[in-house]
Every structure is written in C-alpha cells, then in structure tokens.
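Biologist: I'd like to learn how to read a few features of this fold with you. Could we go through them one at a time?

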Amino acid sequence: MTGTLLKAAHRVGDRVHAAQTVWARRFGFIPQVVAYRGYGTTSRVRILARVLYGAPGLHRIGANTTREPARGRDHCRAGWLAPPASRGWTGTEDVRGWRAFTSIPIEYSAVTIEIGDQVQTVRADFGGVVDVMVSVSLTPGWHSVRLSADGAEPAVGQVLVVDPSATFGIVSDIDDTVMVTALPRPFLALWNTFVLSERARTPTPGMSVLLDRLAARHPEAPVMYLSTGPWNAAPTLSRFLGRNLYPAGPLLLTDWGMTADSWFRSGREHKVRNLARLAAEFPEVKWLLVGDNGQHDESIYAEFARRHPESVAGVAIRELSGSEAVFSGGTEHDGRPTPVPGVPWASAPDGATLAEQLEAYGVL
C-alpha cells in the first residue's frame with residue numbers, strides 16, 4: 001500500500017514539476033548553473049553544482065563576482081570573501097532566502113565540466129543536482145572549475161585539492177553548531193529561511209575563533225561543512241560563514257524531497273554516508289568532528305568513531321542551552337553516547353570552552 005502511494009506521489013510530483021517548468025519558461029525564468037565548492041585529491045575531484053530556472057534578473061546579481069579562497073593563513077579569514085577572480089555565477093551572491101527557494105530544478109540537464117586539462121559532460125539528477133567525480137591531475141590548493149549547460153550562462157566554481165601530506169581535517173555541522181538557528185520552531189524557521197538574510201543570523205559564540213585556530217595550527221587541513229540543510233540554502237550559508245570569518249571549505253548539503261523508495265530523505269543517512277565517504281577518500285586524514293547535541297550528531301559521530309577509529313582525531317560537541325534544546329526537540333533523544341576508547345571527546349556550550357578541552361587533549 002505504501003509503495004503504491006509513493007508511486008502515485010511521484011507521478012503527481014512529476015506533473016507538478018512539468019507545470020512549474022512551463023510556468024518558468026512563460027514568465028522568463030532563466031536557466032542557471034549554480035557552482036558549489038567541491039574538493040578532492042591530486043588525481044580525482046568531486047564537483048558539486050545545481051542546474052535550475054532562476055527568477056528573472058537573479059542571474060545578473062553576481063555575474064562578475066566569482067570568488068576564489070585565499071591561500072595560507074588568510075584562507076581562514078578571507079577565504080569566503082576574496083576579490084573577484086573570474087567571471088561566472090557562483091551561487092553565493094546576495095539573494096534573500098525566499099528568492100533562493102523560488103528556483104525550479106532542471107531535471108537531467110547535460111552539464112559540461114572544464115577543469116585542468118579535462119572536459120567532461122555529465123547529467124544532473126532529477127533534482128538538478130550535479131555530484132560527480134572527475135579524474136584530473138591537479139596540485140594541492142584551490143582550483144577553478146567551469147560549468148556550462150544549454151541556455152545557461154557558464155558558472156565558475158572552486159575545488160579544494162587536499163594536500164597529500166595532510167593528516168588532520170575538520171568536519172563541522174552548521175545549524176546550532178556554528179550558527180544558532182532553533183530550526184524546528186516552525187515560525188522562526190520559516191522566517192529565517194524565507195525572509196532574513198545571513199546578516200540577521202546569529203553566530204555561535206567562540207566557534208569561528210575555534211575553527212580559525214584549528215585551521216591555523218593545521219594549515220593543510222581541509223574543512224568540510226556537513227549539514228542536512230538543502231542546496232537552496234547554500235548561497236545564504238556561504239555568505240554567513242564568510243561574513244563571520246569561518247575557514248573556507250565545501251558545503252555538503254542535501255536535496256529535500258522524496259526518494260525513489262521513501263517519503264522523506266534521511267538527514268542522518270546523509271551525514272553517515274558522507275562521513276564514510278571522506279574516510280575512504282582520505283585514509284591518511286584524522287577528522288575532528290564538530291557538532292551539537294540537538295540533532296543526533298553525538299550518536300552519528302560516536303558510531304563513526306567506533307567503525308573508523310583510525311579516521312577520527314576527536315569529537316567536539318556544542319551543548320545547546322535549555323531554550324535551544326526545547327526548540328530542537330530536546331537533547332536526550334539519542335541518549336548519551338558510550339565513550340569511544342582512545343577518542344578525545346569535548347563537550348561545552350561555546351567555542352572558547354571547547355578550545356580549552358581540545359587543548360588539554362592535545363588536539364589544539
């Protein structure tokens with residue numbers, strides 16, 4: 001019965017999307033390729049982007065503002081806001097949250113990727129998302145990637161090639177970890193998502209300083225922001241991280257909506273899958289896992305540490321305040337995870353106290 005209902009829902013969704021596409025073309029919406037920051041090794045890189053119809057005029061807002069993260073220590077503070085390097089829509093331009101959600105994905109669009117000496121054409125998925133691996137020989141550091149699709153202005157994104165000598169990395173959650181959101185509270189969540197810009201969002205005290213210090217101590221360390229947020233929110237999140245001086249790094253987000261065999265995508269599975277992928281792609285890197293105790297991060301990180309102890313440098317959990325815990329549904333739904341032998345585990349309400357604990361463990 002459930003399978004029949006799900007198939008029916010998919011058919012309805014297909015019809016709605018077809019109607020949206022006709023509506024978008026009629027009202028002058030423009031095909032766009034939005035390039036997100038990717039990452040990889042010196043031989044393979046992960047390209048992340050999305051193809052969609054955007055509101056008229058949206059593509060012109062940042063057509064000349066592709067930003068390439070700076071190198072060295074400046075990468076930590078100015079990486080998100082470096083001067084223009086080349087032309088192309090980057091997906092980080094100043095667009096209010098609600099406008100980001102008016103876009104309509106272009107299903108299965110052909111996208112041409114140009115990076116280094118490689119040119120490769122791939123297909124977006126049914127949500128317009130491009131998430132592919134490309135074999136290419138690159139040196140460590142940030143590199144530009146050009147993406148183009150039929151009818152769309154080419155986009156220029158950046159890809160972080162991790163130095164083969166790197167042995168330390170950072171994976172950080174976003175909501176209620178580096179940014180106070182209280183997302184489950186319905187009205188505030190809608191207000192923050194559809195109305196407010198990143199300027200009105202509140203950074204978590206001390207967290208940008210903590211991540212900056214970690215990046216300064218480990219200059220070769222990749223920084224990944226792993227969140228269950230939707231790709232629509234990527235522009236706002238990117239600007240928030242840059243404005244609040246967080247280290248530059250790729251966003252690993254997800255696409256809301258149904259899957260082939262379920263009504264809703266699993267945020268937990270998204271995090272588990274990407275953590276396992278990072279462990280496989282960078283076997284020499286030990287990751288510091290940064291999250292909060294409001295949305296299953298504790299149990300996800302503990303499970304990952306038990307399965308991949310060789311890939312974990314430590315865990316840092318930001319403890320929510322009483323009111324934040326209520327908004328997030330409480331902090332005891334997972335129970336307190338069993339400590340993993342040999343894995344440093346820090347837990348505190350702010351970045352400064354977490355830093356003290358990580359210093360005591362020798363991680364910072």
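This is a predicted model: local features need pLDDT of at least 70, side-chain atom pairs count only at pLDDT 80 or more; totals for chains, interfaces and linings use all residues.

Biologist: Then which residues cover the two faces of β11?

Modeller: On one side you find F168, I170 and S172, on the other G169 and V171, and all are buried. That makes five of the five residues in β11 buried, a strand that is mostly covered.

Biologist: Which strands does β11 pair with, and how do they run?

Modeller: For pairing, look for at least two bridges between the strands. Here, five bridges link β11 to β16, residues 286-292, and the two run parallel. Strand β14, residues 223-230, is also parallel to β11, joined by three bridges. Take I170 as your guide: its bridge partner in β16 is L288, while in β14 it stands opposite V223.

Biologist: Where does D173 lie, and is it buried or exposed?

Modeller: D173 sits in the loop that leads from β11 (168-172) to β12 (179-180). Its relative accessible area is 3%; because the cut-off for buried is under 20%, D173 counts as buried.

Biologist: What does the side chain of D173 make a polar contact with?

Modeller: With the side chain of K271, at 3.1 Å. Beyond its neighbours within four places in sequence, the contacts of D173 include L226, S227, V290, G291, D297 and Y301.

Biologist: D297 belongs to α8, I see. How many residues of α8 are buried?

Modeller: Eight of the 11 residues in α8 (residues 297-307) are buried, and the helix is mostly covered. Among them are D297, E298, Y301 and F304. The buried residues of α8 pack against β11, α7 (267-281), β16, β17 (312-318) and β18 (345-348).

Biologist: And how should I read a pair of packed helices?

Modeller: Two packed helices are described by the angle between their axes and the distance between the axes.

Technical notes: Residues are numbered from 1 along each chain as its sequence is written. Side-chain values use heavy atoms; hydrogens and water are left out. Helices (H or I, at least four residues) and strands (E, at least two) are DSSP runs, numbered from the N terminus. Buried means under 20% relative accessible area, exposed over 50%, partly exposed in between (1.4 Å probe, protein chains only). A polar contact is a pair of N or O atoms within 3.5 Å; within protein, one must be able to donate a hydrogen and the other to accept it, and residues adjacent in sequence count only if both atoms are side-chain atoms. Contact means heavy atoms within 4.5 Å.
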